[in-house]
Structures are given as C-alpha cells and as structure tokens.
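Visitor: I'd like to learn how to read a few features of a protein model. Could you walk me through them?

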Amino acid sequence: MFAAAIGLYLVPQPFDGPAAAAVVKHASRYRLPPRRRSLFLGRAACAARPATSGGSGVDQEEASREESSRIGDADPRQLRRSADWRAARAYKDSGVLFDGKIEAFNNGGLLIRFYSLLGFLPYPLLSPSHSCKDPSRTIQDIAKDLVGSSISVKVIEANEEEKKLIYSEKDAAWSKHSSQINVGDVFDGRVGSLEDYGAFVHLRFPDGSYHLTGLVHVTEVSWDLVQDVRDFLHEGDEVKVKIIQIDKEKSRINLSIKQLEDDPLMETLDKVIPQEGQLVSDSLDTSSSMNIEPLPGLESICKELLQEDGISDVRLGRQGLEKRVVSQDLQLWLSNVPAKDKQFTLLARAGRQVQEVYLTTTLDQDGIKKAVQRVLGRVP
C-alpha cells in the first residue's frame, strides 16, 4: 500500500519497464508525509531493535520515540530534494527521456524543472530543429519563445554534491530518431557550423524537422582538392548528403557530399583516357600524353606489389592528364573494371596525372585491397 502511494506521488509521468522500477526504487523511501513517515519508521525501529538484558521495555520505547522524533523533525523540503536527486540519477542511469517544463533562460541555456529541482540545458545541446526553423533568429530569441513549453530531454549529469543537473535534447533526439537512418541513405540537409576539419550538416526528416546532425569531413566535400571547406560551403546552405558511417556508441553520423557524384577514380580508364578511335573526354587533356613522366613512387610500389603472395605480374598501363587537380598525393584505387584472365586494374593518380596499373593475381578484390594497403604502408 505504501509502495503504490509513494510511487504515484514521485513519478506522475507514466512509463514502464526497468527504468520506472529504478526510479521508484531510488526514491520511494523518501516520499511519505512527515508525520506518517515518523510513525512508520518508529514502528519499524521498535520491531527491529532486539531487547537487551540491561534495559527495560520503557527504555527501548523511549529510544524509539526519540529516533522517530529526529526523523520527523527533518526538513520535508530537503527530504523531497534528496529524493528528487535520486530520481534524477535513476533517469540518467536508465536513459529514460524526461519531459520537463522550460521555466527560464540565460546567456548559456535553458532552465528546466525536474520536480523540485531546476536543471540546465546548454544551448549547444539543443536539437537543431529549433534553429533550423528560422536560421536568421538568434538563440536568445528562440529560447524566449520556448519558455513555458515542455521539452523532451535526457539527464546526462546528476550530481547532488555539486548541485549539477544537466540535460541534453540532442541525446533525446538521437534516442528517438537514430533508428530511422541507415548507411547509404540520402538526406536534404542544412549546413550548420563550419570547422577546419569539415562541416556539420543538420538532416531534414520526412516530418520537415531537422532532428540529427552529422559531419561532412573536409575530404568528403568534393572530388576537387579542398584546402578550406569555407571555399565550398557556407552556414545555412541547403545541400544533399549521403550517410557513409553511423557510430551508435558515440552517437555520431559521418556524411559525404562528393559520394553523390561519380568518383572519377572508380570509373574505367576507357572513360577517363579514351582508347584510340573513341571520343576524348572533356575532363582530359591527351594532347601531350606521350610525354608524361611516370608517377613519382609508382615504380617502387609496383616492385613491392610483386613481393605479395598471390600477385604474379604487375605492369603499367595507359596514362593521361586531367584538367582538374583532386590531390597532389599519390592515390591508388582498385577500378571497377571486371577482372579478365585473373587481371585486375588499379588506377593511380597524383595531381592531374592518372595511370593504369595491371595486376595478374589469384587474389580476390578484398585480398588486393589489403595487399595494396600493406604495400603503401611500406613504401615512403
């Protein structure tokens, strides 16, 4: 009877499962009204205290009354706050979402009610859905309009000693929406903050809201050489992105813009460097292809490839110059040209220069990739 009454008093929000049990378990002992609580604990103390040979029943009863009086005199507000801190820790440990009312805001974030406690939601941990509704508004204007409304958050820190109760709406959004995304999905997105290492892009879901944010690394912005991501993207830009990796443990999404375009190095060299009699690609200059010097370092790589088990022959093929520079570094890729007579085609590129490398091998595609990785690790 006590447990039921206590549980309802502490947890007015209905939810099921182990998390609810955890919340009730941590907090139920602290929710009896002071007078009723005093009587209950006093009886429990009398029942639990063993009789001693040196004391009378009157002494024992008096001691019980004194103990009950001390508990009954405790500040009920402090008892409630202690119980609420335990409940907050239970929410944190279980990961259950909490719908809290926004009571105020300051320069750093929102103040959200958790029963008798007031917690803090920093602006960087807000879901992007708020700022993407009207990118021209300041975060303070957005926060002002949110006061009085309820918001679904996760408790990410609950420290009673330091009086720290911190929420994250981003973590709550991940719990709600991460199951709706998969590697390979293409989303419309809006560019958020720009960093030297890439651009953060907010993903627009079918409901029209921007719930999750991913990173387009600088190497995934364009097939062209990108030295500064700000030369290609600006905050607020609308872009299409492809999900290329999801890290569920760290709640991270890696995105790509360039992979929505054809990878020139994964095309066959028949398209990049036409055979005799074929039309010349607009992206290629073949006028001086006969005078091209071998790619620096490629001959050493070919010699090392011959040392790998399963590779019996390595030959250099056609070469040409492209009109654009993707990277000055030497890159080596496995072409998607079908193997013929156990011969595979690698594509090498550095700057504008591209070249075929023919491998005769018994290895499959995965084995070739691993062999190339080992060789590139050995050759400076």
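Predicted model: local features only at pLDDT ≥ 70, side-chain atom pairs only at ≥ 80, totals over all residues.

Visitor: Okay, so is cysteine 132 buried or exposed?

Guide: Cysteine 132 has a relative accessibility of 6%, so it counts as buried. Cysteine 302 is buried too, because its relative accessible area is 10%.

Visitor: And how many disulfides does the structure hold?

Guide: Zero disulfides turn up here.

Visitor: Let's move on to aromatics. What describes a pair of aromatic rings?

Guide: You take the distance of the centres and the angle of the planes. In this model, searching the whole structure gives seven aromatic pairs. One of them joins phenylalanine 98 and phenylalanine 114: the ring centres are 4.6 Å apart and the planes sit at 45°, so the pair is tilted.

Visitor: Where do phenylalanine 98 and phenylalanine 114 lie?

Guide: Phenylalanine 98 belongs to strand S1 (residues 98–105) and phenylalanine 114 to strand S2 (residues 109–114), so the pair ties together parts 16 residues apart in sequence. Phenylalanine 98 and phenylalanine 114 are both buried.

Visitor: What kind of aromatic pair do phenylalanine 98 and tyrosine 115 form?

Guide: That one is edge-to-face, with 5.8 Å centre to centre and 65° between the planes. Here phenylalanine 98 in strand S1 is linked to tyrosine 115 in the loop between S2 and strand S3 (117–122), 17 residues apart. Tyrosine 115 is buried, as is phenylalanine 98.

Visitor: Now pockets. What shows where empty space is left?

Guide: Rolling a probe the size of a water molecule over the atoms does that. In this case, the largest pocket holds about 880 Å³ of space.

Visitor: Which residues lie nearest the centre of the largest pocket?

Guide: Leu126, Pro128, Lys170, His202 and Thr213 do, out of 37 residues that line the pocket. Elements giving two or more residues to that lining include helix H6 (129–133), helix H8 (169–177), strand S7 (198–204) and strand S8 (210–217). S8 supplies the largest share, five residues.

Visitor: How do the residues of the lining divide into nonpolar, polar and charged?

Guide: The lining has 15 nonpolar, 14 polar and eight charged residues.

Visitor: And where does the largest pocket lie relative to domain 1 and domain 2?

Guide: Domain 1 (80–169) and domain 2 (180–260) both give residues to its lining, so the largest pocket lies between them.

How values were computed: Residues numbered from 1 in each chain as written. Heavy atoms only, no water. Disulfide = S-S within 2.5 Å. Buried < 20%, exposed > 50% of the residue type's maximum accessible area, 1.4 Å probe, protein only. Phe/Tyr/Trp six-rings, centres within 6.5 Å; stacked < 30°, edge-to-face > 60°. Helix = DSSP H or I, 4+ residues; strand = E, 2+ residues; numbered from the N terminus. 1 Å grid on protein atoms, 1.4 Å probe; cavity = no way out; pocket = protein on both sides within 12 Å on 5 of 7 lines; lining within 4 Å. Points joined across faces, edges and corners; volume = space filled by probe spheres on them. Nonpolar A, V, L, I, M, F, W, Y, C, P; charged D, E, K, R; others polar. Domains from an automatic or database assignment.
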